Amino acid sequence: MQTKRKVIGNSVVLLAVFLLTIYGVFYGEDLGAMMKAIRQADLRWLMPGILLVVVFIWGESVIIWYMMRSFQVYLSKRLCFLLSCIGFFFSCITPAAGGGQPMQIYFMKKEKIPIPVSTVILMVVTITYKLVLVVVGVLALLFGNGFLQHYVKGVLPVFYLGLGLNVGCVAFMSVLVFHPLLAEQILMKGMDLLEKLHIMKQKQALREKLQESMQVYRETAAYLKSHKLVICNVIWLTFIQRFAMFAVTGAVYLSLGCSGTALWDVIVLQAIISVSVDMIPLPGGMGISEALFLRIFVPVFHSLTLPAMVLARGIGYYSQLLLSAVFTAAAQIYYSLRERA
């Protein structure tokens, strides 16, 4: 019952954010001119854009498959693709992408994969996934000041906030993984402080649960130390995976016949939007992603910025949502039939 309520609640939030986004983006715009521009877009570039979304999803499945093998767990690549789709679907529809990994762990359990193994793998996936954004953001900050001032000047505070949150997240997770004893002491002292301030009542069960969860980070640390080559390979695979998604906007740029901006700059600008919105607690960064696109890409797309945003978000987010939804439904049917057999 609680799970059903959570699903209904997430659906209501997703619908509300979607409707507000639609209103905010299209209110007062010339929709006829927008649709005309979209119809004139070259499909020979839009189709590769959709393929890039598939590469993005498939990229995570390859990482999961590769890391599973390091644990002597041998799953087919097709099954790993289903697990990847499940993760992306629930990440797309839940605030801060919080529902993806719990659902992946749930389905991995159906394959008799121990929870500690699946948790460690998904922990590494999360760290490397965010590490790519941190690297992109820091490099842009250090070496692209003129670039940022030209394209991102109006929304630099949002970029700084997004980068800061991602750096903080990676740093916190790194402390949890590489210094689990220190992290446990900090968290325990934090709980003591909350109890003294009467914000949280004394709950031994909560303390025990915290200590159990810290074991996951110890196991992750042990895995990282004993599989350094695996981690290096996962990092570069994650870079390819993430830049495949960023390149969708490059495909849209080419499909609209635009010129005057280097294709690499278009891809990097999309990466900067991802850095900015990744930690925002909205499903798929909905609303804020569209707003940033319409501000940042004006010097690139000029009068075609709105149709470019519709195509880029339509392919990069909504087609991803639709594709992952189809395969999530297929996974649910597959496991239901298997359990009945």
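The crossing of helices α13 and α15 is right-handed, a term used when the near helix is turned clockwise from the far one by less than a right angle, with anticlockwise making a crossing left-handed. This is a predicted model, in which local features need pLDDT of at least 70, side-chain atom pairs count only at pLDDT 80 or more, and totals for chains, interfaces and linings use all residues. Residues are numbered from 1 along each chain as its sequence is written, and side-chain values use heavy atoms, with hydrogens and water left out.

**The protein as a whole**

- The secondary structure comes to 15 helices and zero strands; helices (H or I, at least four residues) and strands (E, at least two) are DSSP runs, numbered from the N terminus.
- Of the 341 residues in the protein, 47% are buried, where buried means under 20% relative accessible area, exposed means over 50%, and partly exposed lies in between (1.4 Å probe, protein chains only).
- Contact means heavy atoms within 4.5 Å. Among contacts between residues at least 6 apart in sequence, 74% join residues at least 24 apart.

**Where α13 meets α15**

- The axes of α13 and α15 come within 10 Å and cross at roughly 145°. Such axes are lines fitted to C-alpha atoms, for helices over the stretch in contact, and the angles run from 0 to 180 degrees between N-to-C directions.
- On the α13 side, the contact uses S289, E290, F293 and L294, which meet T305, L306, A308, M309, A312, R313 and Y318 in α15.
- The residues of this contact divide into seven nonpolar, two polar and two charged. Here Ala, Val, Leu, Ile, Met, Phe, Trp, Tyr, Cys and Pro count as nonpolar, Asp, Glu, Lys and Arg as charged, and the others, Gly among them, as polar.
- E290 and R313 also join their side chains in a salt bridge (2.9 Å, N to O). E290 lies in helix α13 and R313 in helix α15 (residues 305–340), so the pair ties together parts that are 23 residues apart in sequence.
- Both partners, E290 and R313, are buried.

**Other salt bridges**

- A salt bridge is a side-chain nitrogen of Lys or Arg within 4 Å of a carboxyl oxygen of Asp or Glu, and by this rule the count comes to four.
- One of them links K130 with D278, whose closest N and O atoms are 2.6 Å apart. K130 lies in helix α6 (residues 115–143) and D278 in the loop between α12 (263–277) and α13 (288–296), so this pair ties together parts that are 148 residues apart in sequence.
- K130 counts as buried, at 12% relative accessibility.
- D42 and R44 form another salt bridge through their side chains (2.9 Å, N to O), and R44 is exposed, with a relative accessible area of 69%.

- Helix α4 (residues 77–93) has 17 residues and reaches 25 Å from its first C-alpha to its last, close to the 24 Å expected at 1.5 Å a residue. The expected span of a helix is 1.5 Å times one less than its number of residues.
- This helix is mostly covered, with 14 of its 17 residues buried.
- F81 is found in α4 and counts as buried at 9% relative accessibility.
- Not counting residues up to four places away in sequence, F81 touches I57, W58, S61 and F327.
- F81 and W65 are 16 residues apart in sequence and 8.8 Å apart in space, C-alpha to C-alpha.

**Around helix α11**

- T249 has its place in helix α11 and is buried, with a relative accessible area of 2%.
- Leaving aside neighbours within four places in sequence, T249 is in contact with V266, Q270, F293, F297, F301 and A312.
- H227 sits in the loop between α10 (204–226) and α11 (228–255) and is partly exposed, with a relative accessible area of 22%.
- H227 and M67 are 160 residues apart in sequence and 9.6 Å apart in space, C-alpha to C-alpha.

**Loop residues with positive phi**

- Most residues other than glycine have a negative phi.
- K112 has a positive phi, near 60°. K112 is in the loop between α5 (100–110) and α6 and counts as exposed at 76% relative accessibility.
- H302 has a positive phi, near 55°. H302 is in the loop between α14 (298–301) and α15 and is exposed, with a relative accessible area of 52%.
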